[in-house]
Amino acid sequence: MDQPTVGILHPGSMGAAVAACAATNATAVLWCETGRSTASAARAAQFGLTPVAELAELLDRSDIVISLCPPASAEDLARDVVAHRFAGVYVEANAINPTRVQRIAALLAPTATVVDGGIVGSPPVRGKTPTLYLSGPVGETERIEALFAGSAVRTAVLGTKVGQASALKLSYAAFQKTSRVLVALAVGMAREHGVDQELIEVASRRTDSYLAEPEYVAKTAARAWRWGPELEEAADTLAAAGLPPEMLRAAASTLARWNDAKDGELSLADALDQLAQP
């Protein structure tokens, strides 16, 4: 099979790194400059992505498009793609709930085929190897597997139903991200009473406990702007399954206290101070 041309929407910290891995088996990886920040442009240049001026050009040239954007923007971005009648494979790799993925698949169905994707793990840089879980039509999932073969992005096909990959992503995020929020609250409570070091000592006796890694609280704060919306998506998925969503909504509300810390460099003390401000 000829190597495809790939378009990435949009090159954030995860998207740019994933797109660079796709370049292993692609003729070119394109990104659209219009409306993007200087930080996006710098990331795209760092990873060797090819700029194009307009979305229409990216879609006309691309055989495969990968959508990686904030969850709230996923459907609007898909509508922009629909307006240009993209006719290739659209990898919906955002952290959104299965119902939204299915809506996007229906939107694109007249011309394009949607593969559901869910990335578990950190961006594929400095030795990190995330897994891109896939579900959807067999031929198209095979194309995405081939696209990332031999790269730092592992792939795993879950089945043929659009929504399965997103369900797995959000199920994992529900546990992993809410657990980190609970660590922050536990350490913050202990600090208020002067026993935070004792708490960490107790937790360190269990090497499998997130509570033994309080330094991660600062990283949680920096990522809260992304994690909160993911947990809202996971809460919607729980509600659709008849399961109580309140715990995840509360975790998302807690993360919202850190929205101003977006991608910043905080100390543990700074992160806990921000968390304590209503």
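Predicted model: local features only at pLDDT ≥ 70, side-chain atom pairs only at ≥ 80, totals over all residues.
The side chain of R79 meets that of D76 in a salt bridge, with 2.9 Å from N to O, and D76 is itself partly exposed, at 46% relative accessibility. Why do D76 and R79 lie about one helical turn apart? They are separated by about one turn because they are 3 residues apart in helix α4.

As a general point, side chains of opposite charge can pair when their charged atoms come close. In this model the count comes to 13 salt bridges, and I will take you through two further examples.

One of them is the pair E57 and R61, where the closest N and O atoms are 3.2 Å apart. These two residues are 4 apart in helix α3, which covers residues 55-61, so they too are separated by about one helical turn. E57 has a relative accessibility of 33%, which means that it counts as partly exposed, and R61, with a relative accessible area of 40%, is also partly exposed.

The other example is the salt bridge between R100 and E75, whose closest N and O atoms are 2.7 Å apart. This pair links distant parts of the chain, since R100 sits in helix α5 (residues 98-108) while E75 sits in helix α4 (residues 74-83), 25 residues away. Are R100 and E75 buried or exposed? R100 counts as buried because its relative accessibility is 9%, below the 20% limit, and E75, at 11%, counts as buried by that limit as well. E75 and R100 also belong to a network, in which salt bridges that share partners join them with R103 and E233.

Let me now turn from the side chains to the backbone, where a few places deserve a careful look. The peptide bond that runs from L9 to H10 is cis, with its omega near 0°, and H10 is placed in the loop between β1 (5-9) and α1 (13-22).

Next comes R85, which is not a glycine and yet has a positive phi of about 55°. R85 lies in the loop between α4 and β5 (89-92), and with a relative accessible area of 59% it is exposed.

Finally, D263 has a positive phi of about 55°, although D263 is not a glycine either, and you will find D263 in the loop between α10 (246-255) and α11 (268-275).

Terms used
Residues numbered from 1 in each chain as written. Heavy atoms only, no water. Salt bridge = Lys/Arg side-chain N within 4 Å of Asp/Glu carboxyl O. Buried < 20%, exposed > 50% of the residue type's maximum accessible area, 1.4 Å probe, protein only.
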